[in-house]
Amino acid sequence: MSSTGIGKHMSKVNVGDVVDNFIFDTLDDSGLNMHDVVKQHRKTAFIFLRYYGCPLCQMDMHEMAKSYSALTDDDAYIYVVLQSDKEKLKERLEGHALPYPIICDPTQALYKQLEIDVAEDKAKLLDAKTALKIGKMKLGGYQHGEYEGEELQLPATFILDKDAKASYVYYGKGAGDTPSVNKLISLLHE
């Protein structure tokens, strides 16, 4: 994650806002310009999760991978943002490539720029939606891996048009409070 290009001020994003530009790194590319990449697709989703060791995040990422073609039909695109270290994540994913790019933000610069909240304590990570997802996660066999970044980080999702204008903004209230894959598909194709 490069620190250049971070907006001059930090504020929560609202629907209709043009999101301040930022420069980011994925597992495969460095120095990407957000305003340039969103111009390449009708809609682009930036899905901020916690870190790869989080089993809720692993489950969300797996579900997005299974539905990747439905998510990206109609000239839509997705990026998943994690607090994970780029080199460590490359090692963990070796032989298990995901179809979408992952933005690595171990310093949480983008989380801070977009004012994605951190829970007050661990109890605040557990909202009703997260509690339901934990049961599904356990049935799926997802296990906690290495802790990275801010353990109390909450998720968020932003869908931007070609001009970086937000058509959808969701700040999660618990660790697993993210839009479902079906909701993302619907939002990306409206």
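**Legends to views of a predicted model**

**Figure 1. Overall dimensions and fold of the protein.** For 190 residues, a compact globule would have a radius of gyration near 16 Å, and the protein agrees with this at 15 Å (taken over C-alpha atoms; the globule rule is 2.2 Å times the number of residues to the power 0.38). The model is predicted: local features need pLDDT of at least 70 and side-chain atom pairs count only at pLDDT 80 or more, whereas totals for chains, interfaces and linings use all residues. Residues are numbered from 1 along each chain as its sequence is written, and side-chain values use heavy atoms, with hydrogens and water left out. The C-alpha trace spans about 40 × 35 × 35 Å along its principal axes. Seven helices and seven strands are present (DSSP runs, numbered from the N terminus: helices H or I, at least four residues; strands E, at least two). Along the sequence their pattern is β-β-α-β-α-α-β-α-β-α-α-β-β-α.

**Figure 2. Packing of helices α2 and α6.** Helix α2 (residues 55–66) packs against helix α6 (residues 128–139) at an angle of about 75°, and their axes are 10 Å apart (lines fitted to C-alpha atoms over the stretch in contact; angles run from 0 to 180 degrees between N-to-C directions). The two helices are therefore roughly perpendicular (65 to 115 degrees).

**Figure 3. Residues at the contact of α2 with α6.** Pro 55, Leu 56, Met 59, Asp 60 and Glu 63 of α2 meet Thr 130, Lys 133, Ile 134, Lys 136 and Met 137 of α6 (contact means heavy atoms within 4.5 Å). By class, this contact has five nonpolar, one polar and four charged residues (Ala, Val, Leu, Ile, Met, Phe, Trp, Tyr, Cys and Pro count as nonpolar, Asp, Glu, Lys and Arg as charged, and the others, Gly among them, as polar).

Definitions and conventions:
Parallel < 35°, antiparallel > 145°, perpendicular 65-115°, else oblique.
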